[in-house]
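Student: Could we go through this model together, and could you set each value against the definition that lies behind it?

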Amino acid sequence: MLTNENYFSPESNRTYMSVSQFKSFLDCEARTMAELNGEYHRTVTDALLVGSYVDAFFEGTLESFVSAHPEIVTKKGELKAQYRHADYIIQRVQRDKKFMQYMGGQKQKIFTGEICGVPFKSKIDSYHDGIMIVDLKVVRDFQLIYSPEKKQKLHFIDFWRYDIQGAVYREIVRQNTGKTLPFYLAAVTKEPEPDLELFWVPDDVLDAALEFVQSMVNRFQKIKSGELLPMPCGTCDYCRARKEIQRPVNYKSAYDFEVEDDG
């Protein structure tokens with residue numbers, strides 16, 4: 001039985017696939033397996049903690065979150081500037097009735113299910129029973145983000161593949177309830193004066209994302225079980241730390257430099 005206490009445990013992560021784990025495999029299979037085996041731990045940045053601070057408010061666990069992260073408090077016992085701004089972000093969203101309505105469902109609702117025979121777990125920020133699925137996002141801003149892979153600017157939902165999150169949540173909820181619910185992102189920015197929006201992710205986008213998950217998940221599960229060797233991406237912190245030079249390279253062909261067109 002998954003609970004809030006054991007949801008992120010190593011045992012749970014080895015038993016279940018999740019959206020974050022799936023996307024981690026997409027980024028670097030080798031790093032993800034090192035994390036699952038306890039051999040590598042990613043650095044927790046202020047940017048991540050600010051988002052987690054706002055998440056904790058909506059979960060009703062802000063006091064315990066601050067206690068668990070003394071690094072966000074100064075020696076004088078005051079919140080550091082970026083977390084005082086997180087308080088301002090919270091105050092801003094509280095003034096918007098529609099935003100708070102969408103965030104007013106059941107908090108951190110846990111569901112489990114299977115995709116292509118692979119066990120999945122999901123933890124929904126705001127679940128409105130039989131009505132909708134809502135996930136909270138605290139982002140830098142709503143500007144388009146340049147993707148070196150696609151060589152174009154993308155909406156932050158496409159850049160961070162939140163369509164995958166919506167697709168998996170929707171499918172696992174459907175398996176548990178028999179209902180296919182709409183998926184929304186309640187998003188707020190970290191700008192000095194925060195912007196906020198409710199984004200609906202259309203069903204056809206979620207359908208395509210689910211098909212993509214189905215096409216990749218069995219490979220990732222075989223890597224978890226040891227049937228396949230994980231491939232390193234060669235560019236992440238984990239891979240750079242383990243890089244061994246084999247031979248000199250021609251600097252003209254070593255990297256693919258792309259100049260972003262601001263026009």
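**Cores, a covered helix and a crossing**

Tutor: The largest nonpolar core has 38 residues, of which M17, F120, I133, F156, V168 and V213 touch the most other members. This is a predicted model, in which local features need pLDDT of at least 70 and side-chain atom pairs count only at pLDDT 80 or more, while totals for chains, interfaces and linings use all residues. Residues are numbered from 1 along each chain as its sequence is written, and side-chain values use heavy atoms, with hydrogens and water left out.

Student: What makes a set of residues a nonpolar core?

Tutor: The members are buried Ala, Val, Leu, Ile, Met, Phe, Trp, Tyr and Cys residues joined through side-chain atoms within 4.5 Å.

Student: Why is R170 called buried?

Tutor: Buried means under 20% relative accessible area, whereas exposed means over 50% and partly exposed lies in between (1.4 Å probe, protein chains only). R170 has a relative accessible area of 7%, and therefore R170 is buried. R170 lies in helix α9, helices being DSSP runs of H or I with at least four residues, numbered from the N terminus.

Student: Which residues does R170 touch?

Tutor: Not counting residues up to four places away in sequence, R170 touches I133, T180, L181, D203, L206 and D207, where contact means heavy atoms within 4.5 Å.

Student: How do you know that helix α3 is mostly covered?

Tutor: Seven of the eight residues in α3 (residues 29–36) are buried, namely E29, A30, R31, T32, M33, A34 and L36. The buried residues of α3 pack against α1 (10–15), α2, α10 (203–225) and α11 (237–241).

Student: Why is α2 called oblique to α9?

Tutor: The axes of α2 (residues 19–27) and α9 (residues 162–177) come within 10 Å and cross at roughly 140°, the axes being lines fitted to C-alpha atoms over the stretch in contact, with angles from 0 to 180 degrees between N-to-C directions. Angles under 35 degrees count as roughly parallel, over 145 as roughly antiparallel, 65 to 115 as roughly perpendicular and the rest as oblique, so α2 is oblique to α9.

Student: Which residues meet where α2 contacts α9?

Tutor: V19, F22, K23 and L26 in α2 meet Y162, I164, Q165, V168 and Y169 in α9.

Technical notes:
Helix = DSSP H or I, 4+ residues; strand = E, 2+ residues; numbered from the N terminus.
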